[in-house]
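Let's take a friendly walk through a protein model. Have the sequence and the 3D view ready as you read.

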Amino acid sequence: MEPAPVVTTESGKVQGYRTDDGISVYKGIPYAANPFTAARRFQNPQPMQPWQGIKKTVSDSPVPQPGRTSAQPLVGRAGDLTLNIWRPDDIKGKIPVMVWIPGGAWIREDATEPVYDGSVFAKKGVMIVTVNYRVGVDGFMHFAHRPDNRGIADQIAALKWVQRNIANFGGDPGRVTLFGQSAGAGSVAIHLGNPETKGLYQQAILQSPPVQWISPADATRITEQFSRNLGISADPEAVARVPFEALVQNVLKVGNQIKDPARWGKLSLGGTAFLPVADNKIIVRSPIEDLANSDSNRVPVIVGSTDSESRLYLVPGGGLQKFTEKDVSTVIHQMGLPSGTLQAYAKNSINAQSPGDIYAQIMSDYTFRMPALKIANIMSKNQNTWFYNFSWRSPAYHGRLGAAHFVDVPFTFGTIHTKEAENFVGVNPPESLSESINNAWVSFAKYGNPGWPQYSDKDKQTMMFNTTSSVATSMDPQIASLWEKFRF
């Protein structure tokens, strides 16, 4: 492994490694001090203390979190909060920077997953930064006398670190594009509505943004349920004494417990027990309302979603086949959607062959697609906005996965041939589609324009990414009208 150039940061010198194709990679650069110590547990991020000598930054680990398989109940480790950088070796002047916030339903995130490798961006003259942040208990559990949204505060600390340090790597702190997918895109939406982040980035991309949030009262209920499961008191000192293995297992347990709508109401639709909290600081009203009422972060944005987001959660485990028409009617009633919703989806929605297909489309719209449309409508009133839809249907799971959640991410990064990506995109995904999306994001980062017409509420021009991509009108107007009065 050939060493990369030594770079001086505010806390000390770092040295990563060079790849064979002219990219310098720095993995595991600390941007905030270890938040898992007794003194810093469940507090906002604290600055790193300076170190002596040269820190080797050639590998990284996420924070403690549930593994994706039963054989890995705990992955990650307690330690400093870190970020990773990919940059081309042949930098001339200061180049644009893209800061990636990974998703994971607020309970997982891993900034060094192979699918997030920034090499393809770096080859095209864009520096990539990927950010690890606290999730689950440490990132989002609510305590009466601790700050909420600690995972979001971590991201803000990373953005401030980029402003102070990225020029030393050859990046331009005045040309930062903040981007993320899923909970990462939901985080970007929160930053867009938060005055504290003004000036920390100049434009943003939101890929499948959920805008779910939770009230302090409901967050308290979840903390109490979590603590009851462990037989401890619902206070930070007691929770801090629980080993990480037990904490992350209980994160999954509570996530399953709240799926009972009779007891948990609308919380049962969230898919996770840990969500950003309306704390009257980072989130004042709700992410969407803060976004609509904020004039501090009117930056150019790209926002969009995939056609059939929720199929990711329903196809691999076989859940799609289990739904009945009664189940679909129940969830429509829970959400308070208008009469005629079931008939509209049966007639007009994507993949509407069975009750499971219709349920998947309603949940796709609730969780990701309609929030993306709402964000586009809000932002386009004041700022340059581009809207997209990812419509390529994956052949994975015998073609049933379709244009599901996350399928677009390997295409975004040009990592469609990684082993991780194969589960989502199959073995022979179209290279041209990856080039189209990646080039659009690069063009946006460099020139502020992804290359298709801007979106407005009047003409709704939307880039439809597919094997052959083209601009068309966005979502079915009848389906969109069902959600007009829905409060996200």
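Below are notes on the model itself, then on salt bridges, a threonine in a loop, and a strand.

## About the model

This is a predicted model, in which local features need pLDDT of at least 70 and side-chain atom pairs count only at pLDDT 80 or more, while totals for chains, interfaces and linings use all residues. Residues are numbered from 1 along each chain as its sequence is written, and side-chain values use heavy atoms, with hydrogens and water left out.

## Salt bridges

How many salt bridges does a search of the whole structure find? There are 18, where a salt bridge means a side-chain nitrogen of Lys or Arg within 4 Å of a carboxyl oxygen of Asp or Glu. One of them pairs D21 with K123, with their closest N and O atoms 2.9 Å apart. D21 sits in the loop between β2 (13-18) and β3 (23-32) and K123 in helix α1 (residues 119-123), so this pair ties together parts that are 102 residues apart in sequence. Helices (H or I, at least four residues) and strands (E, at least two) are DSSP runs, numbered from the N terminus.

Another salt bridge links D357 and R311, again with the closest N and O atoms 2.9 Å apart. Because D357 lies in helix α13 (residues 355-379) and R311 in helix α10 (residues 311-314), the pair ties together parts that are 46 residues apart in sequence. Both D357 and R311 are buried. D21, in contrast, counts as partly exposed, at 39% relative accessibility. Here, buried means under 20% relative accessible area, exposed over 50%, and partly exposed in between (1.4 Å probe, protein chains only).

## A threonine in a loop

Now find T9, in the loop between β1 (2-8) and β2. Is T9 buried or exposed? T9 counts as buried, at 6% relative accessibility. A polar atom of its side chain lies 2.7 Å from the backbone oxygen of G12. Leaving out residues up to four places away in sequence, T9 touches V14, W51, W161, N165, N168 and F169, where contact means heavy atoms within 4.5 Å.

## Strand β11

Six of the six residues of strand β11 (residues 385-390) are buried, so this strand is largely enclosed by the rest of the structure. In a regular strand the side chains alternate between the two faces of the sheet. In β11, T385, F387 and N389 are buried on one side, and W386, Y388 and F390 on the other.

Which strands pair with β11? Strand β10 (residues 301-306) runs parallel to β11 and is joined to it by six bridges, with I302 opposite W386. Strand β12 (residues 461-465) is also parallel to β11, joined by four bridges, and here Y388 stands opposite M463. Two strands pair if DSSP finds at least two bridges between them.

Technical notes: Polar contact = N/O pair within 3.5 Å; in protein donor to acceptor, adjacent residues only side chain to side chain.
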